[in-house]
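This briefing sets out selected features of the structure shown below.

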Amino acid sequence: MHASQMAEEFPVVSVDSDALEAVRLLAERRLPGIVVTDESGCPCSILPASQVVRFLVPGYVQDDPTLAGVLSESMADRVADKLAGKTVRALLPAEPVELPAVNADDTIVEVAAMMARLRCPLAAVVSGRELVGVITASRLLELALTPH
């Protein structure tokens, strides 16, 4: 089975999209992440939901998780404030990371290897520079467990 056969339609946002709207999309659809495209519409990054959560937690709490117990539970109020006026670009790592992308003719093993190596819950399936679809880790597992 090739990646193009495994790929599913999936929401996509631009680097210039509103960050709060992108996070709402992640939350409402319970997505593990979202494909981010550049100005020309080509996939350039994957924004995992875990990266957004990391953006919301203050650095000092990430460094010392025991401090989390002394913070108030009003995180929901702060989420909108912290994301207001920001674009998706602000949520992406400062240092560009390798795009978790596979070619349309890659096999299930090649897709799995890429996801494992980059520790990413999504793989963008591309043909040239065009996005064909997305393969999630759960979709990959579903297909791997299905007898052929």
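What is the order of the strands in the open sheet of 3 strands, and what is the pairing? The order is 1-2-3, and the pairing is mixed. This is a predicted model, in which local features need pLDDT of at least 70 and side-chain atom pairs count only at pLDDT 80 or more, while totals for chains, interfaces and linings use all residues. Residues are numbered from 1 along each chain as its sequence is written, and side-chain values use heavy atoms, with hydrogens and water left out.

**The sheet and its helices**

- Helices (H or I, at least four residues) and strands (E, at least two) are DSSP runs, numbered from the N terminus; two strands pair if DSSP finds at least two bridges between them.
- Strand 1 (12-14) and strand 3 form the edges of the sheet, each pairing on one side only.
- On average, neighbouring strands of this sheet are turned by 35 degrees against each other, direction ignored.
- Strand 1 pairs with strand 2 in the parallel sense over 3 bridges, and Val12 has Val35 in strand 2 as its bridge partner.
- Helix 2 lies across strand 1, strand 2 and strand 3 and runs at about 145 degrees to strand 2. Axes are lines fitted to C-alpha atoms, for helices over the stretch in contact, and angles run from 0 to 180 degrees between N-to-C directions.
- Helix 3 (residues 49-56) also packs on the sheet, where it touches strand 2 and strand 3; its direction makes about 65 degrees with that of strand 3.

**Helix 2 and its ends**

- Helix 2 spans residues 19-29, and its buried residues include Ala19, Leu20, Ala22, Val23, Leu25 and Leu26. Buried means under 20% relative accessible area, exposed over 50%, and partly exposed in between (1.4 Å probe, protein chains only).
- At the start of this helix, a side-chain oxygen of Asp18 comes to within 3.2 Å of the backbone nitrogen of Leu20.
- Just after the helix, Arg30 adopts a positive phi of about 50 degrees.

**Nonpolar cores**

- A nonpolar core is a set of buried Ala, Val, Leu, Ile, Met, Phe, Trp, Tyr and Cys residues joined through side-chain atoms within 4.5 Å.
- The largest such core has 24 residues, of which Val13, Val36, Leu47 and Leu91 touch the most other members.
- Helix 2, strand 2 (33-37), strand 3 (43-48) and strand 5 (122-127) each supply at least two residues of this core, and helix 2 gives the most, with 6 residues.
- Another core lies apart from it and has 13 residues, among them Ala3, Ala7, Met114 and Ile135.

**Thr136**

- Thr136 is part of strand 6 (residues 130-136) and counts as buried because its relative accessibility is 7%.
- The side chains of Thr136 and Ser138 are joined by a polar contact of 3.2 Å, and the side chain of Thr136 also reaches the backbone nitrogen of Arg139 at 3.0 Å. A polar contact is a pair of N or O atoms within 3.5 Å; within protein, one must be able to donate a hydrogen and the other to accept it, and residues adjacent in sequence count only if both atoms are side-chain atoms.

**Cysteines**

- The count of disulfides (pairs of cysteine sulfur atoms within 2.5 Å) is 0.
- The sulfur of Cys44 is too far for a bond, because the closest cysteine sulfur, in Cys42, is 8.9 Å away.
- Cys44 counts as partly exposed at 29% relative accessibility, whereas Cys120 counts as buried at 9%.

Technical notes: Contact means heavy atoms within 4.5 Å.
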